[in-house]
Number of protein chains: 2
Amino acid sequence: MTNFADRLVSAIRRCKTPTLVGIDPRLNSLPHCLQPDSNNPSPEEVASAYLTFGKGIIDVVASLVPAVKPQAAFFEQLGPCGMQALGEITQYARTQGLLVIMDGKRNDIGSTATAYAHGFLGPDGSTQFTSDCLTVSPYLGEDSLEPFVDVAHANGNGLFVLVKTSNPGGGRFQDLIADGLPVYRHVAALVNDLASKTRGSEHHPYGSVGAVVGATYPEQLEELRAAMPNTLFLVPGFGAQGGGASDVAGGFDESGLGAIINSSRGIIFAHSREPYADKFGDARWQDAVDSATRDMIAALATDTPAGNL
Amino acid sequence: MTNFADRLVSAIRRCKTPTLVGIDPRLNSLPHCLQPDSNNPSPEEVASAYLTFGKGIIDVVASLVPAVKPQAAFFEQLGPCGMQALGEITQYARTQGLLVIMDGKRNDIGSTATAYAHGFLGPDGSTQFTSDCLTVSPYLGEDSLEPFVDVAHANGNGLFVLVKTSNPGGGRFQDLIADGLPVYRHVAALVNDLASKTRGSEHHPYGSVGAVVGATYPEQLEELRAAMPNTLFLVPGFGAQGGGASDVAGGFDESGLGAIINSSRGIIFAHSREPYADKFGDARWQDAVDSATRDMIAALATDTPAGNL
């Protein structure tokens, strides 16, 4: 069973980029050619459009990037038929050689946490939701994370734990100072401890438990990179959420490892954004996805240590 | 659109009990008569057994208690077919007159939080997951809760936000002291503010945003009852997790309102617990559920202010 961190590092090195493509379908943002015909589509019709869209993204990015990150919320919004589409997209991505980081932000305690872990992080093929990695929330403490770590690690899978988020209200609890450190640093210490216990090969310092770090200020990424030497970062917010390549540079180590950088809307809805909208338009939406992905890869290679990969 | 708090208070008064029955199916704990025939059942076979079991519980408790709480994890564990069963159980419970508090502990930010909210808290019939209330996690801050509050309140639905949990590691972050108060009290202050903004009628002080409070010590329930005068509590851990009726008394106000008390395993698997196992056994598992539910109702009426309902 190959360690998740090893698999991710290997895929990053093979693709020579830490670009992560978020699959966050929204009905009104889909290319017109994929919109359901009816004005008031059923959940089943929307789920079918999301499945086509998701597979179309995967077909474009599978040869370019190491991993995709489906956002469970946009599928769960549709009810069970949406979850069916999520499962099909997840398995399709894996058959195309992509790692799947399921963005579910799940959490619970004890045997309930174990149930979530079996749903998303069990052996290959155990459910349609089986992914390579899952995002989880830390509020319930270490015994809410350990069941996820146990199941993930036993099956060569991984986790990204929410540590520091960049939404305007993210500091409300994360930045409270306790014992001289903000709460997010207390979470960071636990996560790095779990990371150090799930290390893979000797060829890099990282473990299979990572951290979601959406730093509000670029310096916070540097601070956490130093404080969490064994922890891979999942950094959201590139592109549509306002961050550029230079803003995320602090998340990397000198070799260009240590972080994966997510873009969702900036890539998957490139057909409606300049310069891609003018060049490709709606009908060539997959060419827009291809072009936006290559531009992000180039920007990260130019403006961050990912250029050393 | 009737306010969720009003609907819950009305149901509690009608049933004269704040008993909440958790629907947490586990394959190995099901009555033998509901176990799938095969030794290595498929997810679809397990989901079918969970659906039969869940409906069977609902048939027993619909006339006794105000609400049920399906635990999403045990259904998501099975993949999409489990989520289909969860949706069917949710809608069946509502047709039988029960309020449904979906235990999903979901959370995210911005439009992603709104997507989850539309999945679980939209208008009646918008998805099979549509419930009366959803549990959510607070780590991402107020702008991760507000989208849930907006959608829930607009549709007469509610939330329970994790505030204080009783698992052994729950204090790791929740009990950190910042500005002279534990982190959970900072969360409690925000939740009570949201509760006061979602109040219903003048006949009780409670709003549609509640708190999950699994107090480690009975005094913590009293402390939070005093600190959160507008907040309904969802108190887990009765029965199988070790808490008795007197341990949860501090969660109530003098009139017997203010808290709903959950029991999952203690009720739904009563067929394998004494004194019910001996009296009813496996074949009469629904009689065991009925008896265990009535015993919990009686214990809460005797040992807590719920006797004043």
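Here is a friendly conversation about a predicted model and the reasoning behind some words used for it.

Trainee: Why is B:Ile57 called buried?

Mentor: A residue counts as buried if 20 or more other C-beta atoms lie within 10 Å of its own. B:Ile57 has 25 such neighbours, so B:Ile57 is buried.

Trainee: Where in chain B is B:Ile57, and which residues does B:Ile57 contact beyond its sequence neighbours?

Mentor: Look in helix α2 of chain B, residues 43–61. Leaving aside neighbours within four places in sequence, B:Ile57 is in contact with B:Val21, B:Ile23, B:Ile268 and B:Val289.

Trainee: What makes a pair of residues count as a contact?

Mentor: Their C-beta atoms, placed from the backbone, must lie within 7 Å. By that test, B:Val161 touches B:Val136, B:Pro138, B:Leu145, B:Val191, B:Val209, B:Ala211 and B:Val212, not counting residues up to four places away.

Trainee: Which residues have the most contacts inside the largest nonpolar core?

Mentor: They are A:Val161 and B:Val161, in a core of 205 residues.

Trainee: How do you know that the size of chain A agrees with a compact globule?

Mentor: For 309 residues, a compact globule would have a radius of gyration near 19 Å, and chain A has 19 Å, so the two agree. Its C-alpha atoms fill a box of roughly 55 × 45 × 40 Å along the principal axes. Buried residues make up 60% of chain A.

Trainee: How many residues meet between chain B and chain A, and which element of chain B gives the most?

Mentor: On chain B, 48 residues are in contact with 48 residues of chain A. The helix α5(B) gives the most to that side of chain B, with 6 residues. By class, the side has 21 nonpolar, 21 polar and 6 charged residues.

Trainee: What describes the packing of two helices?

Mentor: Two packed helices are described by the angle between their axes and the distance between the axes. For α5(B) and α6(B), the angle is about 35° and the axes are 8 Å apart.

Trainee: Is the crossing of α5(B) and α6(B) left-handed or right-handed?

Mentor: A crossing is right-handed if the near helix is turned clockwise from the far one by less than a right angle. The way α5(B) passes α6(B) is right-handed. Among the residues making the contact are B:Ala113 and B:Ala117 of α5(B), with B:Phe148 and B:Val151 of α6(B). The residues of this contact divide into 7 nonpolar, 4 polar and no charged.

Conventions: Residues are numbered from 1 along each chain as its sequence is written. Chains are lettered from A and ligands numbered from 1 in the order in which they are written. This is a predicted model: local features need pLDDT of at least 70, side-chain atom pairs count only at pLDDT 80 or more; totals for chains, interfaces and linings use all residues. A nonpolar core is a set of buried Ala, Val, Leu, Ile, Met, Phe, Trp, Tyr and Cys residues joined through C-beta atoms within 7 Å. A residue is buried if 20 or more other C-beta atoms lie within 10 Å of its own, exposed if 12 or fewer, and partly exposed in between; C-beta atoms are placed from the backbone. Two residues are in contact if their C-beta atoms, placed from the backbone, lie within 7 Å. Helices (H or I, at least four residues) and strands (E, at least two) are DSSP runs, numbered from the N terminus. Ala, Val, Leu, Ile, Met, Phe, Trp, Tyr, Cys and Pro count as nonpolar, Asp, Glu, Lys and Arg as charged, and the others, Gly among them, as polar. Axes are lines fitted to C-alpha atoms, for helices over the stretch in contact, and angles run from 0 to 180 degrees between N-to-C directions. The radius of gyration is taken over C-alpha atoms; the globule rule is 2.2 Å times the number of residues to the power 0.38.
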